[in-house]
Amino acid sequence: MSILVDKESRVVVQGVTGKEGSFHTKQMLEYGTKVVAGVTPGKAGQQVEGVPVYHTVADAVAEQGANVSIIFVPPAFAPDAIMEAAAAGIGVMACITEGLPTLDMVRVKHYLKGRSAVLIGPNCPGIITPGACKLGIMPGYIFQPGPIGVISRSGTLTYEVVDQISKQGLGQSTCLGIGGDPIIGLNFIDLLTLFAADPQTDGVVLIGEIGGTAEEEAAAFIKEHFPKPVVTFIAGQTAPPGRRMGHAGAIISGKSGTAQEKMAVLKAAGIRVVVDLTKVGEAVKELMG
Amino acid sequence: MKIHEYQAKALFAQYGIPIPQGRAASSPPEALEAAQALGPPPYVVKAQIHAGGRGQGGGVKVARTLDEFTSRVSEILGMTLVTHQTGPEGKKVLKVLIEEGVPIAQELYLGIVVDRARACPAIMASRSGGMDIEEVAEKTPHLIHREWIDPAVGFQAFQARNIIYRLGLPAALVKSGIALITQLVKLFEQLDCSLVEINPLVVTRDDRLMALDGKVNFDDNALFRHKEILELMDPSEQDPLELEANKYNLNYIRLNGNIGVMVNGAGLAMATMDLIKLYGGEPANFLDVGGGASAETIANGFRIILSDERVRAVLVNIFGGILRCDVLAEGLIEAARKVVLQVPLIIRLEGTNVDRGRELLNQSGLDFIVSPTMAEAAKKVGQLVQRN
């Protein structure tokens, strides 16, 4: 078991003929992911890495039975691509693209309400169920199957943490980055709910960062509803206020959204907070090994 | 992206939101001209910098006579203004806004932000204008009225009425108040703002509504479709190294320490800064070269870090994913060949093609220290800086 993606996931790559799209199509295929179709409007009939290309996601669903999508479409067109996938009946969409306008995401979020499709990202590394399906751009070899779920607002920080967990001899059930933007699809609570119900997952690592209140909301949820052990790390303890730290959503506004505040709220909820990034793996081993 | 108050007010005027008469000036003669165009005193002289708290810092002054005006202008123009948002080093005032003095009867607050949790814009209004809204939210949250904009149907007239009647405006101003709020929402949405604030929005003694101050921030991600907004950017407000980094799509932010930092990915970059500090060092910058950086991007990033004369040591922390370690190594080698490396360089590499990357670095003949773990790299760089 795992969450959201598994061996049966049939992937369509949106923006498959672009540089990123074609590179990661190859990478995902090499990992063993079932990439069954690609979409680039105007390029149906072509192939990328042996994968057939269609004009529309609807065609990819009809012809190849695609049920999850990964989006590499440029930022100006990515909001449209997300909605296209949702309308075509795709169940899980991972939007890798960075730089989507916030007000476009407001509309996308609204469009997804009441639909069965779920969105991961945008501005994220995607999702991986080790040994089964990589719907993302992460380096596959650092992951190994096992009992730990990982949820993160950051890409490379996730790799760092997963590498530590793997080196402690523990594998992962599913790992995903939820994206570094102010408005994103699935949030910490949505994913904790899925991990709570997943029998393969024994515990979860939650990696947060400055900006917004997602970590505070997660803390309250974990305290009341999440039965498994959780280890957290918050990036940006030394970030200056008012500056956008790489991610559009990573900004301390006035006094709110600081790492210190988030860590205090998590601790107060009885959740393990690791201050030194290099000690996350050890904490996971201690609590979940 | 931020703009100045005078630019924000020009946008307000375009949207029919009333503002005081006034003009920006960069020299005393220009300021005098602006004042004379306004008619008789009082005048208000307002420092134009991208930071709040200008009043408390002495950057906003009222002048009752022309003589007083001249001395106020010479005090403020060219001063280094320190506010709670500028940091201790302050910001040099290169422009002032000269405005007519407005007789104030009532000060209100009106703002629009994106509510992240609800995923839609939220309008905030309060009778406590002229105060820091965060302070109001903290101490007297019940005094802030909020309306959320439904993405499907947009802002509705009843929401404007809810706000106006909560603000307790005189009956004669209800109609113009509703129009003002509606126009502010339009500005926020059409220009892809991340924040719009009128603080204070005043009722004048002769019963007019007026935006006495104005703050507009834009969503950087949407600037590609607002070329006219990009022209409002003031390069003097930006750190020269940050401007240089922008050219190469690098996320660079200047900090106060002396350890240069280059990392791939925003989260890992923040965490690396944290770690340096945890082990006793102080980062000189935040630099995220991005997930998919090329050798050229890496070289530019490295050059920018080294051009900061405060830097006493450099830590490069890369977890190769899309960015392969061999590409990183090529970039570093290329950059290092072009400069005389006068400070110690510590490199921590992990991830895709790490062996090839380490091999390239070893063969390059470059002088650097490769650290197997992040903890060791952070410790080492702190020690090196202290020793030098």
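Colleague: In which sense do strand β6 (residues 92-95) of chain A and β7(A) pair, parallel or antiparallel?

Modeller: This is a predicted model, and in it A:Val92 stands opposite A:Val118 in β7(A). Strand β6 of chain A and β7(A) are joined over 3 bridges, and the sense of their pairing is parallel.

Colleague: Which strands of chain A stand at the edges of the sheet?

Modeller: The open sheet has 7 strands with mixed pairing, in the order β3-β4-β2-β1-β5-β6-β7 (chain A). Two of the strands have a single partner strand each, so one side of each is left without a neighbour in the sheet, and these are β3 (47-48) and β7 (118-120) of chain A.

Colleague: What angle does the direction of helix α2 (residues 57-64) of chain A make with that of β2(A)?

Modeller: Helix α2 of chain A packs on the sheet, where it touches β1 (11-14), β2 (35-39), β4 (51-54) and β5 (68-71) of chain A. Between the direction of this helix and that of β2(A) the angle is about 155 degrees.

Colleague: Which helix gives the most to the side of chain A that touches chain B?

Modeller: In the model, 47 residues of chain A are in contact with 47 residues of chain B. On the side of chain A that touches chain B, α4 (102-112) and α5 (156-167) of chain A each supply at least two residues. The helix that gives the most, with 6 residues, is α4(A).

Colleague: How many of the 13 residues of α9(B) are buried?

Modeller: The buried residues of α9(B) include B:Leu268, B:Met270 and B:Asp274. The helix is largely enclosed by the rest of the structure, because the number of its 13 residues that are buried is 11.

Notes
Residues are numbered from 1 along each chain as its sequence is written. Chains are lettered from A and ligands numbered from 1 in the order in which they are written. This is a predicted model: local features need pLDDT of at least 70, side-chain atom pairs count only at pLDDT 80 or more; totals for chains, interfaces and linings use all residues. A residue is buried if 20 or more other C-beta atoms lie within 10 Å of its own, exposed if 12 or fewer, and partly exposed in between; C-beta atoms are placed from the backbone. Helices (H or I, at least four residues) and strands (E, at least two) are DSSP runs, numbered from the N terminus. Two residues are in contact if their C-beta atoms, placed from the backbone, lie within 7 Å. Two strands pair if DSSP finds at least two bridges between them. Axes are lines fitted to C-alpha atoms, for helices over the stretch in contact, and angles run from 0 to 180 degrees between N-to-C directions.
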